[in-house]
Amino acid sequence: MARSSVLPVAPTRGRLRPLGLDEVRITGGFWARRRHINATATLAHCRDWMERVGWIGNFRAAAEGRIHRDRRGREFTDADVYKLLEAMAWEAAGQGAGASLDAEVAALTEAIAPAQEPDGYLNTAFGGPGQEPRYSDLEWGHELYCYGYLVQAGVAQTRARGEGELAKIARRAADHVCATFGPGGIERVCGHPEIEMALVELARLTGEQRYLDQAALFVDRRGHGTLADPEFGRAYYQDDMPVLDATVLRGHAVRALYLAAGAVDVAVETGDEALLATVVRQWEATVARRTHLTGGMGSHHRDEAFGDDFVLPPDRAYSETCAGVASVMLGWRLLLATGEPRFADLAERTLFNVIATSPSDDGRAFFYANTLHRRRRGSTPATDTDSPRAESSLRAPWFAVSCCPTNVARTLAQLPGYLATVDDHGVQLHQYADSEITTALTGGDGVALRVRTDYPSGGTVAVRIGRSPDRPWTLSLRVPAWTAGATTWLVDPDGARRSVAPGTAELTRVFRPGDEIRLELPVAPRWTRADPRIDAIRGTAAVERGPLVYCAESVDLPDGHEVDAIRVDPSAEPTDGPEEPDGPDGAGGTVVVAGELVAHAEATDAAWPYEPLDRLLAANADRTGIVLVPYHSWANRGPSTMRVWLPIVQPDRASGPEHPEERDRPAEPDSTPTGT
């Protein structure tokens, strides 16, 4: 069996080989439902809105010479049209909806093509009559950023259907970039990284070295002060220091993650081990100190940026959906390069708790930012106009800056490609979904697997062998990091059970058709606490179940209570509650925790919100069972308040510890200063 060509990311080297969208099919459960909605509702929704707000019409206006008068939207709206094209191309390849989506791609391409200049330049915001000149605003103009998405759309079309007109447009644009920004050309970078990944993927597709060289040149130029100082500081667009000198991701979260992903692509293709190791270290530091429980990244609303270490306030969590997409993209590249399951662990967390949270149940409204604490009930956005971006209220059908809906659409369209890989030893399963996998091992021997699971609602992943060579090979299954402290079982085809630790569970043997291997993951709900250096959530706890983060939502509380009335008791184990009303699709049921609801009078009647420590009271509180729901489902039942991190019931003594596990710690030695 030949290697698949239907690959969103196709490195020529690395520890693992990805599987194409023609090798993996998601057949049911959590992700199948969301992919179906993406294909049948979200893509058309995005197309209709971009026609309504004029972003597609911008290309027609450019071709007809009236762009200076009629252009609509922000300077980067071209990119969202390209992301939609990419999503349609992958969807056509993976779901068999070929004819209708091929027609959509052709129609959009027909609108775009006449706007391209003879030298390959293509942008509706610059370079036309009455507009600012080309590349006159590399800090904010997003021209190279837009090219990146155009090139990725062209690559997707080529891999899904063979080279078409869209791919030719993209190739001409890439050639223009190399001619304009290559050696002897403009020695600067774009304020928003993205072109780097695209050029590497085009090099992989075509075998043309100049595209890889240009991507490497952009990575090398970053951090040498070629851009003007912005109001947010040069770190905002990662132009404060060279990539090799940085120790953590900083600045605008999406920009930082895109640059890191592009640097990994360059490192893999050029064999630059130092560059790859640098990005790994940046990822490690960012995950350890700058990442929310959901996997979300970004704490600042004003500049959509990472905060300092451990600055992770839940009520001000920005956690942009696009940053979640970028984190998954980076994690996938690092997984392919290194084979280390920790990168798939974070990708899983982000997929279930950021990517799945953004779209509404019907796929026609979206969160731009993903807060972890909503203090006031949101208002229903207008359905006939676009909404301001930023703070989460309720999901909106469209935004003035709508990078997130199309980013979610293309991620869901290519999701089967994130499930599994192969290497010289066998097949590896990284993400769990009801699916069918048909591929070839090294040497060409065919393998077919049928994966059955209701994950994440249930913890059993059953892998049935449909076809296998008559020789030993290794089936590897990721054991998520969240299973630490509980027992995970691997059951072989003979029924033998053995416990396996977080990381990778491997089984090597001669498999026969009909053999079944089971991974039994402990998905019972569990309490989670934060590093005490995260000041904003000290004295609180959260609940997780499997890969899902849970939250309290006011619609589940009695008597009109809001979530800020909740206090929880982590000394009592959380228990499973009833299933959510949206049905048994692996979405995860509710969880019930012990706690109390504090009377509103205690929280609101004080004239001064501070008091002596010895007056801490738990009076006027009703002990109760508090229902929690998966975070990805919040705000689907109308306006509500919500919180992930729940304050812990005060201990009996006012000076007691904030966390139950601290009660038995020895007292700290007296640290009173002895002199001046």
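**Salt bridges in a predicted model**

At 30% relative accessibility, E340 counts as partly exposed (buried is under 20% relative accessible area, exposed over 50%, partly exposed in between, with a 1.4 Å probe and protein chains only). This is a predicted model, where local features need pLDDT of at least 70, side-chain atom pairs count only at pLDDT 80 or more, and totals for chains, interfaces and linings use all residues. Residues are numbered from 1 along each chain as its sequence is written, and side-chain values use heavy atoms, with hydrogens and water left out.

**The E340 pair**
- E340 has a salt-bridge partner in R342, with 2.6 Å between the closest N and O atoms (a salt bridge is a side-chain nitrogen of Lys or Arg within 4 Å of a carboxyl oxygen of Asp or Glu).
- R342 is partly exposed too, at a relative accessible area of 29%.

**The strand pair**
- R464 and E516 pair up through their side chains in a salt bridge, at 3.2 Å from N to O.
- R464 sits in strand β8 (residues 460–467) and E516 in strand β13 (residues 516–520), so this pair ties together parts 52 residues apart in sequence (strands are DSSP E runs of at least two residues, helices are H or I runs of at least four, and both are numbered from the N terminus).
- R464 is partly exposed at 40% relative accessibility, and E516 is partly exposed at 26%.

**The wider picture**
- One network, joined by salt bridges that share partners, takes in R159, E201, R204, D265, E269 and R333.
- Overall, the structure holds 57 salt bridges.
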